[in-house]
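Thanks for coming. I will take one chain today and go from the overall fold down to a few side chains. Please have a look at the structure first.

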Amino acid sequence: MFMLFSAACFRSSGVRLLRAYGNAMTSDISDKPALHEAVGKISWLLGKWKGEGCGVYPTISPFMYGEEIVFNHVGQPMLSYNSRTWHAENGKPMHHETGWLRIKPGTSTLAFIIAQNTGVTEIEEGEVEGHKIRLLSHTVGRMSFGAEPKVLKIERIYTLKDANTLELECFMETTNTEHQKHLHITYEKVSE
């Protein structure tokens, strides 16, 4: 019975939904909705950025890495976010993240909701002031079989240095270490 009902619903409304929403989940520019007015304060993040950075932490050897991040808009008071990193020397994939940077309409208050390929999830909140964003996690979740040590806190500071240069400083606290600097990277804008 459920399959008949589902099929009937799809036949009657599926075509209208496809016409109304088109390819909303694709990155085809022609399908992009208008920029939501609330994201104006963070619109300087929009686009694809690439850079090289360094990572340090007391429990690991320092390392160099490459990263590409993409901030896109979806017609709502948020930006979508994707990140992928690779080892600077051998090019092997490392860390991946995906999520949403939401702004509370009419304010400078932000929430960054992120899922990592390591099994960690974060909700960070903070403010945007001009071309600087400060975010601090209030919730860090992790899968039950995640590697030790457990991440307890993450802080991110994004700073737009000029129209084509973005900097990120990332701080981390774990069950083995205090809150301290972990990553520093400078990105160049690759495309809008």
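Among contacts between residues at least 6 apart in sequence, 39% join residues at least 24 apart; contact here means heavy atoms within 4.5 Å. This is a predicted model, in which local features need pLDDT of at least 70 and side-chain atom pairs count only at pLDDT 80 or more, while totals for chains, interfaces and linings use all residues. Residues are numbered from 1 along each chain as its sequence is written, and side-chain values use heavy atoms, with hydrogens and water left out.

Now the fold. By definition, helices (H or I, at least four residues) and strands (E, at least two) are DSSP runs, numbered from the N terminus. Along the sequence the pattern reads α-β-β-β-β-β-β-β-β-β-β.

What do the ten strands close into? They form a barrel, in the order 1-2-3-4-5-6-7-8-9-10, with antiparallel pairing. Two strands pair if DSSP finds at least two bridges between them. Neighbouring strands of this sheet are turned by 25° against each other on average, direction ignored. For that angle, axes are lines fitted to C-alpha atoms, for helices over the stretch in contact, and angles run from 0 to 180 degrees between N-to-C directions.

Next, the surface. The chain exposes about 11400 Å², and carbon and sulfur atoms supply 57% of it. Accessible areas come from the Shrake-Rupley method with a 1.4 Å probe; for residues, only the protein chains shown count as cover. Of the 192 residues in the chain, 36% are buried. Buried means under 20% relative accessible area, exposed means over 50%, and partly exposed is in between (1.4 Å probe, protein chains only).

On to the aromatic rings. A pair of aromatic rings is described by the distance of the centres and the angle of the planes. Rings of Phe, Tyr and Trp (its six-membered ring) pair if their centres lie within 6.5 Å; planes under 30 degrees apart count as stacked, over 60 as edge-to-face and the rest as tilted.

How many aromatic pairs does the structure hold? There are six. One of them is Phe71 with Tyr158: the ring centres are 6.2 Å apart and the planes stand at 85°, so this pair is edge-to-face. Phe71 belongs to strand 2 (residues 60-73) and Tyr158 to strand 8 (residues 151-162), so the pair ties together parts 87 residues apart in sequence. Phe71 is buried at 2% relative accessibility, and Tyr158 is also buried, at 2%.

Another pair is Tyr81 with Phe112, with centres 4.9 Å apart and planes at 65°, so it too is edge-to-face. Tyr81 sits in strand 3 (residues 78-87) and Phe112 in strand 5 (residues 109-116), so this pair ties together parts 31 residues apart in sequence. Tyr81 is buried at 1%, and Phe112 is buried at 0%. Phe71, Tyr81, Phe112 and Tyr158 form one aromatic cluster.

Back to strand 8. Ten bridges join strand 8 to strand 9 (residues 165-174), and the two run antiparallel. The bridge partner of Tyr158 in strand 9 is Leu168. Thr159 is also in strand 8, and is buried at 12% relative accessible area. Leaving aside neighbours within four places in sequence, Thr159 has contacts that include His131, Lys132 and Thr165.

Last, the cysteines. Cys54 is partly exposed at 33%, whereas Cys170 is buried at 7%. A disulfide is a pair of cysteine sulfur atoms within 2.5 Å, and by this rule the count is zero.
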